[in-house]
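Here is a short briefing on one protein chain. Look at the sequence and the structure, then work through the points below.

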Amino acid sequence: MPTPAEQEEITGRPRQVYEEFIALRMHYQFGIDEVLTKVEILRKEFEQMHDYSPIEHVRTRLKSVESLMEKARAPRAR
């Protein structure tokens with residue numbers, strides 16, 4: 001039978017991992033936002049300087065936590 005301290009560690013660890021994962025996801029979203037901003041600036045610059053832009057549009061997405069967990073659990077195809 002685990003001691004109360006061991007029980008707290010067992011139950012607290014998944015919560016800590018989840019919170020760290022959410023923080024990591026946030027950093028990835030910030031990176032996506034930064035790259036998207038730079039691409040948008042390039043697109044506008046091309047339009048101003050050359051009257052056209054080779055960049056029509058850019059879409060981004062960050063996978064949901066559920067989708068990432070499902071992908072991590074799925075067996076790898078070979």
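The structure holds three salt bridges. A salt bridge here is a side-chain nitrogen of Lys or Arg within 4 Å of a carboxyl oxygen of Asp or Glu. Side chains of opposite charge can pair when their charged atoms come close. This is a predicted model, in which local features need pLDDT of at least 70, side-chain atom pairs count only at pLDDT 80 or more, and totals for chains, interfaces and linings use all residues. Residues are numbered from 1 along each chain as its sequence is written, and side-chain values use heavy atoms, with hydrogens and water left out.

**The chain as a whole**

- The secondary structure of the protein chain comes to two helices and zero strands. Helices (H or I, at least four residues) and strands (E, at least two) are DSSP runs, numbered from the N terminus.
- The radius of gyration of the chain is 21 Å, well over the 12 Å that the globule rule gives for 78 residues, so the chain is more spread out than a compact globule. This radius is taken over C-alpha atoms, and the globule rule is 2.2 Å times the number of residues to the power 0.38.
- The C-alpha trace spans about 75 × 35 × 15 Å along its principal axes.
- Of the 78 residues, 5% count as buried. Buried means under 20% relative accessible area, exposed means over 50%, and partly exposed lies in between (1.4 Å probe, protein chains only).
- The accessible surface of the chain comes to about 7,400 Å². Carbon and sulfur atoms account for 57% of that surface. Accessible areas come from the Shrake-Rupley method with a 1.4 Å probe, and for residues only the protein chains shown count as cover.

**The pair Glu 34 and Lys 38**

- Glu 34 forms a salt bridge with Lys 38, and their closest N and O atoms are 3.6 Å apart.
- Both residues lie in helix H1, four residues apart, about one turn of the helix.
- Glu 34 is partly exposed, at 48% relative accessibility.

- Glu 40 pairs with Arg 43 in a salt bridge, with the closest N and O atoms 2.3 Å apart. The two are three residues apart in helix H1, so about one helical turn separates them.
- Arg 43 also forms a salt bridge with Glu 47, where the closest N and O atoms are 2.6 Å apart. These two are four residues apart in helix H1, so about one helical turn separates them.
- Is Arg 43 buried or exposed? Arg 43 is buried, because its relative accessible area is 17%.
- Glu 40 is partly exposed at 30%, and Glu 47 is partly exposed at 37%.

**Asp 33**

- Asp 33 sits in helix H1 and is partly exposed, at 35% relative accessibility.
- Asp 33 and Arg 43 are 10 residues apart along the chain, and their C-alpha atoms are separated by 15 Å.

**Ser 53 in the loop**

- Ser 53 lies in the loop between helix H1 (4-50) and helix H2 (65-73).
- Ser 53 touches Arg 43, Phe 46 and Glu 47, not counting residues up to four places away in sequence. Contact means heavy atoms within 4.5 Å.
- A polar atom of the Ser 53 side chain lies 3.1 Å from the backbone nitrogen of Ile 55.

How values were computed
A polar contact is a pair of N or O atoms within 3.5 Å; within protein, one must be able to donate a hydrogen and the other to accept it, and residues adjacent in sequence count only if both atoms are side-chain atoms.
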